[in-house]
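Hi,

Here is the structure I promised to pass on.

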Amino acid sequence: MKNVTLIGMPSAGKSTVGVVLAKFTGRRFIDTDLIIQEEYGELLPAIIKRLGTEGFIKAESAALARLDTDNSVIATGGSAVYGEEGMRRLKQISDVVYLRVDPANLASRLGDFQSRGVVTLGARTLDELMAERAPLYEKYADLTVDEAGIEQTARAIAALTASDC
C-alpha cells in the first residue's frame with residue numbers, strides 16, 4: 001500500500017489527522033518532527049536555535065530524503081516544503097496531501113507562531129507565513145483537502161487515496 005504524506009501549516013492537524021487516518025487505513029504512522037528530534041537528541045525549537053533557519057531546513061530535508069517506508073501515513077513539519085530534496089523523496093514514495101485550514105481557525109489554533117519556534121523565511125505575521133508557504137504546499141500536493149474536523153478529514157483523505165490500497 002502506498003504511503004500518504006500530509007503537509008500543511010503548523011497546527012493544521014497533520015499529526016492528529018494522520019494518527020486517525022493510519023487507524024482507518026491500516027497503515028503505520030510516522031511523525032517526521034519526532035524523527036528529527038530523535039536524531040538530534042533535542043526538541044525542535046532547540047534544534048532550530050542551534051542550527052539556524054537554513055541549517056534546520058537542510059537537516060529536515062536530509063531526514064526526509066532518507067525516509068524509507070511503505071504502507072505509512074507520514075505527518076511532516078510545516079516547514080518540510082522548504083526542502084526540495086526531501087519533498088522530492090516524499091513525492092516518490094507517497095501521495096502528498098495538503099491539509100488546508102481556514103485562516104481564522106488556524107489563527108486560533110496556532111497563536112503566536114514566533115514564540116513557538118516556527119521556521120519562516122522572513123514572515124512576521126500569520127498572513128505573511130501563509131502567503132510564504134501556500135504556493136509551496138500547492139506545488140508539492142497531489143491532493144488538497146480542507147480540514148473539516150479530525151475524523152471527517154481523515155475519512156475524506158482515506159476515500160481520496162483508496163485507489164492506492
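Let me start with Gln-37, which lies in helix α2 (residues 32-40); helices here are DSSP runs of H or I with at least four residues, strands are runs of E with at least two, and both are numbered from the N terminus. Gln-37 is buried, at 19% relative accessible area (buried is under 20%, exposed over 50%, partly exposed in between, with a 1.4 Å probe and protein chains only). Leaving out residues up to four places away in sequence, Gln-37 touches Glu-42, Leu-43, Leu-44 and Ile-47, where a contact means heavy atoms within 4.5 Å.

Before you go further: this is a predicted model, so local features need pLDDT of at least 70 and side-chain atom pairs count only at pLDDT 80 or more, while totals for chains, interfaces and linings use all residues. Residues are numbered from 1 along each chain as its sequence is written, and side-chain values use heavy atoms, with hydrogens and water left out.

Next, Glu-54 in helix α3. Its relative accessibility is 49%, so Glu-54 counts as partly exposed. The C-alpha atoms of Glu-54 and Leu-121 are 8.7 Å apart, although 67 residues separate the two along the chain.

Now the inside. The largest nonpolar core has 31 residues, and Ile-7, Met-9, Phe-56 and Met-87 have the most contacts within it. By nonpolar core I mean a set of buried Ala, Val, Leu, Ile, Met, Phe, Trp, Tyr and Cys residues joined through side-chain atoms within 4.5 Å. The elements that give this core two or more residues are α3 (44-65), α4 (84-93), β4 (94-100) and α6 (126-140), and α3 supplies the largest share, 7 residues. Apart from that core lies another, of 12 residues, including Val-4, Leu-99, Ala-154 and Ala-158.

Finally, a helix pair. Helix α1 (residues 14-25) packs against helix α7 (residues 150-160) at about 55°, with the axes 9 Å apart; axes are lines fitted to C-alpha atoms, for helices over the stretch in contact, and angles run from 0 to 180 degrees between N-to-C directions. That angle makes α1 oblique to α7, because under 35 degrees is roughly parallel, over 145 roughly antiparallel, 65 to 115 roughly perpendicular and the rest oblique. On the α1 side, the contact residues include Val-17, Val-20 and Phe-24, and on the α7 side Ala-154, Ile-157 and Ala-158 are among them.

Cheers
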